[in-house]
Amino acid sequence: MIRPFLTGIKENLIYVVVASLVAGLAFGQVAGSGTKALLRAAVVPILFLMIYPMMINIDLREVINVRDHAGPVGLSLLINFGAAPLFAVALSRGFFGGDIEYAVGLYFIALIPTSGMTAAWTGLADGDLEAALVAMAVNLLAAIVILPAYLSVLVPADIGFDPSALYRQLAQVVVIPMAAGTVTRWLLLRRYSTAGFKRLKPLFGGLSSLGVMLIVFVAMTMRSGQILADPVASAVTVVPLVVFYAAVLGVAAAAGRTLLDPRRGVALVYATSMRNLSIALAIVVAGDAVPSGAVLPIALAYVIQPPLGAVYMHYRRDVVGEGRSLREAVAEFI
(Lines give C-alpha, C1' and ligand atoms only; values in the text may rest on other atoms or scores of the structure.)
Protein backbone atom coordinates (compact mmCIF):
# COMPACT_ATOMS: atom_id res chain seq x y z
CA MET A 1 0.00 0.00 0.00
CA ILE A 2 2.71 2.48 0.99
CA ARG A 3 5.12 1.53 -1.82
CA PRO A 4 2.59 2.08 -4.67
CA PHE A 5 1.55 5.41 -3.09
CA LEU A 6 5.12 6.71 -2.84
CA THR A 7 6.23 5.45 -6.24
CA GLY A 8 3.05 6.91 -7.74
CA ILE A 9 3.92 10.35 -6.37
CA LYS A 10 7.45 10.09 -7.74
CA GLU A 11 6.33 8.91 -11.19
CA ASN A 12 3.72 11.66 -11.46
CA LEU A 13 5.69 14.43 -9.79
CA ILE A 14 4.90 17.02 -12.46
CA TYR A 15 1.16 16.68 -11.91
CA VAL A 16 1.59 16.44 -8.15
CA VAL A 17 3.58 19.68 -8.03
CA VAL A 18 1.10 21.52 -10.25
CA ALA A 19 -1.81 20.32 -8.08
CA SER A 20 0.04 21.32 -4.89
CA LEU A 21 0.89 24.71 -6.36
CA VAL A 22 -2.72 25.46 -7.33
CA ALA A 23 -4.12 24.06 -4.07
CA GLY A 24 -1.66 26.12 -2.02
CA LEU A 25 -2.48 29.35 -3.86
CA ALA A 26 -6.21 28.72 -3.35
CA PHE A 27 -5.88 27.70 0.29
CA GLY A 28 -3.70 30.70 1.02
CA GLN A 29 -6.61 32.99 0.15
CA VAL A 30 -8.81 31.57 2.91
CA ALA A 31 -6.31 30.34 5.52
CA GLY A 32 -6.17 32.39 8.71
CA SER A 33 -3.07 33.49 10.60
CA GLY A 34 -3.37 30.56 13.03
CA THR A 35 -3.42 28.01 10.22
CA LYS A 36 -0.46 29.65 8.53
CA ALA A 37 1.44 29.60 11.83
CA LEU A 38 0.85 25.84 12.08
CA LEU A 39 2.05 25.36 8.51
CA ARG A 40 5.15 27.42 9.21
CA ALA A 41 5.91 25.20 12.24
CA ALA A 42 5.66 22.15 9.99
CA VAL A 43 8.29 23.45 7.54
CA VAL A 44 11.36 21.98 9.27
CA PRO A 45 10.04 18.40 9.58
CA ILE A 46 8.76 18.52 6.00
CA LEU A 47 12.16 19.71 4.77
CA PHE A 48 13.86 16.83 6.56
CA LEU A 49 11.37 14.42 4.96
CA MET A 50 12.28 15.89 1.57
CA ILE A 51 16.08 16.10 1.84
CA TYR A 52 17.11 13.16 4.05
CA PRO A 53 15.78 10.34 1.81
CA MET A 54 17.31 12.04 -1.23
CA MET A 55 20.71 12.06 0.47
CA ILE A 56 20.48 8.32 1.15
CA ASN A 57 20.38 7.79 -2.62
CA ILE A 58 23.50 9.93 -3.26
CA ASP A 59 26.85 8.20 -2.90
CA LEU A 60 29.37 10.92 -2.00
CA ARG A 61 32.18 8.37 -2.12
CA GLU A 62 32.07 8.77 -5.90
CA VAL A 63 34.20 11.91 -5.39
CA ILE A 64 37.26 9.66 -5.10
CA ASN A 65 36.80 8.67 -8.77
CA VAL A 66 37.03 12.25 -10.01
CA ARG A 67 40.44 11.74 -11.69
CA ASP A 68 38.99 8.99 -13.88
CA HIS A 69 36.33 11.37 -15.16
CA ALA A 70 38.20 14.67 -15.17
CA GLY A 71 36.83 15.71 -18.59
CA PRO A 72 33.07 15.56 -17.98
CA VAL A 73 33.41 16.63 -14.33
CA GLY A 74 35.59 19.63 -15.19
CA LEU A 75 33.25 20.72 -17.97
CA SER A 76 30.23 20.29 -15.70
CA LEU A 77 31.82 22.59 -13.12
CA LEU A 78 32.60 25.21 -15.77
CA ILE A 79 29.04 25.16 -17.12
CA ASN A 80 27.30 24.93 -13.73
CA PHE A 81 29.30 27.64 -11.99
CA GLY A 82 30.39 29.69 -15.00
CA ALA A 83 27.87 29.68 -17.84
CA ALA A 84 24.69 28.94 -15.84
CA PRO A 85 25.04 31.91 -13.43
CA LEU A 86 25.72 34.23 -16.38
CA PHE A 87 22.56 33.00 -18.11
CA ALA A 88 20.60 33.50 -14.88
CA VAL A 89 21.84 37.07 -14.41
CA ALA A 90 21.09 38.03 -18.01
CA LEU A 91 17.62 36.50 -17.94
CA SER A 92 16.71 37.96 -14.55
CA ARG A 93 17.64 41.45 -15.73
CA GLY A 94 15.77 40.99 -18.99
CA PHE A 95 12.58 39.47 -17.58
CA PHE A 96 12.28 40.26 -13.87
CA GLY A 97 13.37 43.89 -13.82
CA GLY A 98 13.04 45.12 -10.26
CA ASP A 99 11.55 41.90 -8.86
CA ILE A 100 14.62 40.66 -7.03
CA GLU A 101 12.75 37.81 -5.32
CA TYR A 102 12.04 36.01 -8.59
CA ALA A 103 15.61 36.73 -9.71
CA VAL A 104 16.96 35.08 -6.55
CA GLY A 105 14.81 32.03 -7.31
CA LEU A 106 16.45 31.76 -10.73
CA TYR A 107 19.89 32.20 -9.13
CA PHE A 108 19.20 29.26 -6.82
CA ILE A 109 18.15 27.10 -9.76
CA ALA A 110 21.32 28.07 -11.59
CA LEU A 111 23.71 27.53 -8.67
CA ILE A 112 22.55 24.15 -7.30
CA PRO A 113 23.16 21.63 -10.10
CA THR A 114 22.43 17.92 -10.49
CA SER A 115 19.59 15.93 -8.97
CA GLY A 116 18.75 12.30 -8.38
CA MET A 117 17.37 12.21 -11.92
CA THR A 118 20.81 13.06 -13.33
CA ALA A 119 21.85 9.43 -12.93
CA ALA A 120 18.46 8.03 -13.95
CA TRP A 121 18.24 9.99 -17.20
CA THR A 122 21.90 9.29 -18.01
CA GLY A 123 21.27 5.55 -17.72
CA LEU A 124 18.08 5.72 -19.80
CA ALA A 125 19.89 7.67 -22.53
CA ASP A 126 22.77 5.13 -22.56
CA GLY A 127 25.27 7.62 -21.15
CA ASP A 128 28.27 7.05 -18.90
CA LEU A 129 26.55 6.41 -15.57
CA GLU A 130 29.74 6.41 -13.50
CA ALA A 131 30.77 9.80 -14.90
CA ALA A 132 27.30 11.13 -14.04
CA LEU A 133 27.54 9.84 -10.46
CA VAL A 134 30.95 11.41 -9.94
CA ALA A 135 29.75 14.72 -11.41
CA MET A 136 26.72 14.65 -9.09
CA ALA A 137 28.83 14.25 -5.96
CA VAL A 138 31.45 16.84 -6.96
CA ASN A 139 28.95 19.48 -8.08
CA LEU A 140 26.76 19.11 -5.00
CA LEU A 141 29.71 19.58 -2.65
CA ALA A 142 30.95 22.53 -4.73
CA ALA A 143 27.51 24.18 -4.62
CA ILE A 144 27.42 24.09 -0.82
CA VAL A 145 30.67 26.06 -0.69
CA ILE A 146 30.11 28.38 -3.66
CA LEU A 147 26.43 29.31 -3.30
CA PRO A 148 26.68 31.92 -0.48
CA ALA A 149 29.68 33.61 -2.10
CA TYR A 150 27.88 33.92 -5.45
CA LEU A 151 24.67 35.21 -3.88
CA SER A 152 26.54 37.81 -1.82
CA VAL A 153 27.64 39.31 -5.15
CA LEU A 154 24.40 38.83 -7.11
CA VAL A 155 21.85 39.94 -4.50
CA PRO A 156 21.63 43.75 -4.07
CA ALA A 157 22.85 45.15 -0.76
CA ASP A 158 19.48 46.74 0.08
CA ILE A 159 17.86 43.29 0.31
CA GLY A 160 19.84 42.64 3.49
CA PHE A 161 21.16 39.26 2.37
CA ASP A 162 23.44 37.67 5.00
CA PRO A 163 25.84 35.00 3.65
CA SER A 164 26.60 33.75 7.17
CA ALA A 165 22.89 33.11 7.74
CA LEU A 166 22.76 31.17 4.48
CA TYR A 167 25.68 29.01 5.60
CA ARG A 168 23.71 28.18 8.75
CA GLN A 169 20.69 27.27 6.64
CA LEU A 170 22.85 25.09 4.41
CA ALA A 171 24.11 23.27 7.49
CA GLN A 172 20.57 22.69 8.74
CA VAL A 173 18.83 21.64 5.53
CA VAL A 174 21.71 20.12 3.52
CA VAL A 175 24.81 19.19 5.50
CA ILE A 176 23.06 17.51 8.47
CA PRO A 177 20.68 15.46 6.27
CA MET A 178 23.65 14.67 4.02
CA ALA A 179 25.63 13.28 6.94
CA ALA A 180 22.60 11.36 8.23
CA GLY A 181 21.87 10.03 4.74
CA THR A 182 25.47 8.89 4.24
CA VAL A 183 25.45 6.98 7.54
CA THR A 184 22.04 5.47 6.75
CA ARG A 185 23.23 4.38 3.30
CA TRP A 186 26.27 2.67 4.84
CA LEU A 187 24.12 0.85 7.42
CA LEU A 188 21.58 -0.28 4.81
CA LEU A 189 24.29 -1.56 2.47
CA ARG A 190 25.79 -3.56 5.33
CA ARG A 191 22.44 -5.12 6.16
CA TYR A 192 20.79 -5.60 2.77
CA SER A 193 23.72 -5.73 0.28
CA THR A 194 23.75 -3.73 -2.96
CA ALA A 195 20.86 -5.66 -4.51
CA GLY A 196 18.65 -5.19 -1.47
CA PHE A 197 19.51 -1.51 -1.26
CA LYS A 198 18.50 -0.99 -4.91
CA ARG A 199 15.06 -2.39 -4.10
CA LEU A 200 14.69 0.22 -1.36
CA LYS A 201 15.81 3.20 -3.47
CA PRO A 202 12.39 3.89 -5.05
CA LEU A 203 10.92 4.26 -1.55
CA PHE A 204 13.47 6.94 -0.67
CA GLY A 205 12.73 8.78 -3.90
CA GLY A 206 9.00 8.55 -3.16
CA LEU A 207 9.44 9.94 0.36
CA SER A 208 11.45 12.85 -1.03
CA SER A 209 8.74 13.48 -3.65
CA LEU A 210 6.10 13.46 -0.90
CA GLY A 211 8.16 16.13 0.88
CA VAL A 212 8.28 18.17 -2.34
CA MET A 213 4.49 17.96 -2.64
CA LEU A 214 3.96 19.14 0.93
CA ILE A 215 6.55 21.92 0.87
CA VAL A 216 5.21 23.34 -2.41
CA PHE A 217 1.73 23.43 -0.87
CA VAL A 218 3.00 25.16 2.28
CA ALA A 219 5.18 27.63 0.36
CA MET A 220 2.37 28.58 -2.02
CA THR A 221 -0.06 28.98 0.88
CA MET A 222 2.34 31.37 2.61
CA ARG A 223 3.00 33.42 -0.56
CA SER A 224 -0.47 33.24 -2.11
CA GLY A 225 -1.30 36.89 -1.48
CA GLN A 226 1.88 38.20 -3.10
CA ILE A 227 1.75 35.86 -6.10
CA LEU A 228 -1.93 36.45 -6.92
CA ALA A 229 -1.60 40.20 -6.41
CA ASP A 230 0.04 40.31 -9.87
CA PRO A 231 -0.79 36.98 -11.57
CA VAL A 232 0.46 38.07 -14.99
CA ALA A 233 3.94 38.89 -13.71
CA SER A 234 3.96 35.61 -11.79
CA ALA A 235 2.94 33.61 -14.86
CA VAL A 236 5.62 35.26 -17.01
CA THR A 237 8.20 33.72 -14.64
CA VAL A 238 8.01 30.51 -16.68
CA VAL A 239 9.47 32.14 -19.81
CA PRO A 240 13.02 32.84 -18.55
CA LEU A 241 13.04 29.38 -16.96
CA VAL A 242 12.43 27.73 -20.33
CA VAL A 243 15.12 29.90 -21.94
CA PHE A 244 17.56 29.11 -19.12
CA TYR A 245 17.12 25.35 -19.41
CA ALA A 246 17.38 25.46 -23.21
CA ALA A 247 20.57 27.53 -23.03
CA VAL A 248 22.28 25.25 -20.51
CA LEU A 249 21.31 22.11 -22.41
CA GLY A 250 22.50 23.61 -25.68
CA VAL A 251 25.90 24.61 -24.29
CA ALA A 252 26.39 21.24 -22.60
CA ALA A 253 25.38 19.29 -25.71
CA ALA A 254 27.75 21.34 -27.88
CA ALA A 255 30.64 20.94 -25.40
CA GLY A 256 30.02 17.21 -25.06
CA ARG A 257 29.85 16.68 -28.81
CA THR A 258 33.08 18.65 -29.35
CA LEU A 259 35.23 17.57 -26.41
CA LEU A 260 33.94 14.20 -25.15
CA ASP A 261 32.94 10.79 -26.44
CA PRO A 262 29.16 10.33 -26.92
CA ARG A 263 28.45 8.48 -23.65
CA ARG A 264 30.31 11.02 -21.52
CA GLY A 265 28.66 13.79 -23.51
CA VAL A 266 25.27 12.47 -22.38
CA ALA A 267 26.47 12.43 -18.77
CA LEU A 268 27.61 16.06 -19.15
CA VAL A 269 24.22 17.15 -20.48
CA TYR A 270 22.34 15.64 -17.56
CA ALA A 271 24.90 16.80 -14.97
CA THR A 272 24.24 20.38 -16.09
CA SER A 273 20.65 20.58 -17.35
CA MET A 274 19.20 18.83 -14.28
CA ARG A 275 19.14 21.16 -11.26
CA ASN A 276 18.69 20.18 -7.61
CA LEU A 277 15.33 21.86 -7.13
CA SER A 278 14.64 20.07 -3.83
CA ILE A 279 17.66 21.62 -2.13
CA ALA A 280 16.93 25.02 -3.71
CA LEU A 281 13.35 24.90 -2.45
CA ALA A 282 14.45 23.74 1.00
CA ILE A 283 16.89 26.62 1.47
CA VAL A 284 14.40 29.25 0.31
CA VAL A 285 11.60 27.97 2.57
CA ALA A 286 13.80 27.21 5.60
CA GLY A 287 14.53 30.65 6.95
CA ASP A 288 14.91 34.39 6.51
CA ALA A 289 18.30 34.55 4.78
CA VAL A 290 16.66 34.43 1.32
CA PRO A 291 13.61 36.36 0.02
CA SER A 292 10.69 33.93 0.29
CA GLY A 293 9.16 35.00 -3.03
CA ALA A 294 11.99 33.10 -4.70
CA VAL A 295 9.94 29.94 -4.20
CA LEU A 296 7.72 30.47 -7.26
CA PRO A 297 10.38 30.07 -10.01
CA ILE A 298 11.72 26.99 -8.25
CA ALA A 299 8.25 25.43 -8.01
CA LEU A 300 7.61 26.14 -11.70
CA ALA A 301 10.96 24.60 -12.62
CA TYR A 302 9.62 21.26 -11.39
CA VAL A 303 7.18 21.39 -14.30
CA ILE A 304 9.87 22.17 -16.89
CA GLN A 305 12.79 19.97 -15.86
CA PRO A 306 11.38 16.42 -16.16
CA PRO A 307 10.00 16.87 -19.71
CA LEU A 308 13.36 18.35 -20.72
CA GLY A 309 15.15 15.24 -19.49
CA ALA A 310 12.68 13.00 -21.30
CA VAL A 311 12.94 14.90 -24.59
CA TYR A 312 16.74 14.69 -24.64
CA MET A 313 16.63 11.01 -23.69
CA HIS A 314 14.31 10.22 -26.61
CA TYR A 315 16.52 12.30 -28.90
CA ARG A 316 19.56 10.22 -27.91
CA ARG A 317 17.76 6.88 -28.16
CA ASP A 318 15.33 7.37 -31.03
CA VAL A 319 17.23 9.82 -33.23
CA VAL A 320 20.97 9.49 -32.61
CA GLY A 321 20.75 5.83 -31.58
CA GLU A 322 18.90 4.86 -34.75
CA GLY A 323 21.03 7.00 -37.05
CA ARG A 324 18.19 9.30 -38.08
CA SER A 325 18.21 13.05 -38.52
CA LEU A 326 16.20 15.31 -36.23
CA ARG A 327 14.13 16.45 -39.22
CA GLU A 328 13.16 12.86 -40.02
CA ALA A 329 12.17 12.19 -36.43
CA VAL A 330 10.04 15.37 -36.25
CA ALA A 331 8.37 14.60 -39.58
CA GLU A 332 7.50 11.09 -38.39
CA PHE A 333 6.10 12.46 -35.11
CA ILE A 334 3.94 15.01 -36.93
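A310 is partly exposed, because its relative accessible area is 21% and the class lies between buried, under 20%, and exposed, over 50% (1.4 Å probe, protein chains only). S92, at 3% relative accessibility, counts as buried. The model is predicted, with local features requiring pLDDT of at least 70 and side-chain atom pairs pLDDT 80 or more, whereas totals for chains, interfaces and linings use all residues. Residues are numbered from 1 along each chain as its sequence is written, and side-chain values use heavy atoms, leaving out hydrogens and water.

Helices here are DSSP runs of H or I with at least four residues, numbered from the N terminus.

| Residue | Helix | Relative accessible area |
|---|---|---|
| A310 | α14 (residues 295-320) | 21% |
| S92 | α5 (residues 70-96) | 3% |

Leaving out residues up to four places away in sequence, S92 touches G97, A103, L106 and Y107, where contact means heavy atoms within 4.5 Å.

A nonpolar core is a set of buried Ala, Val, Leu, Ile, Met, Phe, Trp, Tyr and Cys residues joined through side-chain atoms within 4.5 Å. The largest one has 91 residues, and F108 and I283 have the most contacts inside it; α9 gives the most to this core, with 12 residues. A second, separate core of 10 residues includes V16, L188, F197 and L210.

Definitions and conventions: Helices (H or I, at least four residues) and strands (E, at least two) are DSSP runs, numbered from the N terminus.
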